[in-house]
Amino acid sequence: MSTDLLETLPLPQRLALSYAPRRAHGPTLAMLALDTRLAGIIRAGGEPVIAQMKLAWWRERLAQDPSQWPVGEPLLALLDESGLDCTSLSPLVDGWEMLLADSLDTEGTALFAKGRALAWVAVADAAGHHGGNVSVEQAGTTWALADLSMNLGTQEETARVRAAAEEQAERQTRLPAVLRPLTVLHGLAVRALKRGATEMLDGPGAMATALRLGIIGR
């Protein structure tokens, strides 16, 4: 089950996850698998109302006690086992819903990035890190904006989101060891922004960056 969900992750997330400490692996995989599932709902296209209904289903599940969840959905089972406070993942659903708008404005972009950043805070909590979360939100926001800028359809939106990502990337971050996957994703995002790349993993240099960050954290 976990292997199947792992294979749904985009390659950068799968690579980053390989550097997760043991106690953080389950929460990180569960969060990234949910993030990927929500992204798939948005990217499927079709009628926005259908996507909204699917997002609403996930929002309702996350608000429930896991004992009330339907049986047979592997992602729900993984979330239940992960140790995550699933109620804290609702902003992730709200963030993805922002992309259903006819045009993505500054407020929608900020809510999208914040939802993904707060999901990393939930992972940190589940993995036993209860320190300050400012750096976690900063790194998560940078990654979310950079990733979004590489997957938008219009040049205007891409340029605006990339500019926001570049501004966010200027902030210094120091992340706890339990969030080594975020350290990797943040580093890849910053590298891609500096190079004007259109993907996180754009060659051997990106792989070397991921290896360095994954092993030593800087």
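In the predicted model, helix α6 (residues 90-97) has the buried residues Ser90, Leu92, Val93, Gly95 and Trp96. Here, buried denotes a relative accessible area under 20%, exposed over 50%, and partly exposed a value in between (1.4 Å probe, protein chains only). Helices are DSSP runs of H or I with at least four residues, strands are runs of E with at least two, and both are numbered from the N terminus. The cover over the buried residues of α6 includes α3 (22-43), α4 (48-63) and α7 (106-126), contact being defined as heavy atoms within 4.5 Å. Residues are numbered from 1 along each chain as its sequence is written, and side-chain values use heavy atoms, with hydrogens and water left out. Because the model is predicted, local features need pLDDT of at least 70 and side-chain atom pairs count only at pLDDT 80 or more, whereas totals for chains, interfaces and linings use all residues.

The buried residues of α9 are Glu157, Val161, Arg162, Ala165 and Gln168. Viewed down the helix axis, these buried residues fall within an arc of 125°, so they line one face of α9; the arc is that of the directions from the helix axis to the C-beta atoms. An α-helix has 3.6 residues a turn, so residues three or four places apart point the same way. The buried residues of α9 pack against α7, α8 (134-149) and α10, while the face turned away from the buried side carries the exposed residues Gln155, Glu156 and Glu167.

The structure holds 9 salt bridges, each defined by a side-chain nitrogen of Lys or Arg within 4 Å of a carboxyl oxygen of Asp or Glu. One of them joins Glu73 to Arg37, with the closest N and O atoms 3.3 Å apart. This pair links distant parts of the chain, as Glu73 lies in the loop between α4 and α5 (74-82) and Arg37 in helix α3, 36 residues apart. Arg37 is partly exposed, at 29% relative accessibility. A further salt bridge connects Arg61 and Glu60 (3.9 Å, N to O); Arg61 is buried, with a relative accessible area of 11%, whereas Glu60 is partly exposed at 45%.

Arg191 and Asp202 also form a salt bridge, their closest N and O atoms being 2.6 Å apart. Arg191 belongs to helix α10 (residues 180-195) and Asp202 to the loop between α10 and α11 (204-216), so the pair ties together parts that are 11 residues apart in sequence. Arg191 is buried at 15% relative accessibility, and Asp202 is partly exposed at 29%.

Met207, in helix α11, is partly exposed at 43% relative accessibility. Met207 touches Leu15 and Leu201, residues up to four places away in sequence not being counted. Although Met207 and Leu15 are 192 residues apart in sequence, their C-alpha atoms are 9.1 Å apart in space. Val49 lies in helix α4 and is partly exposed, with a relative accessible area of 45%.
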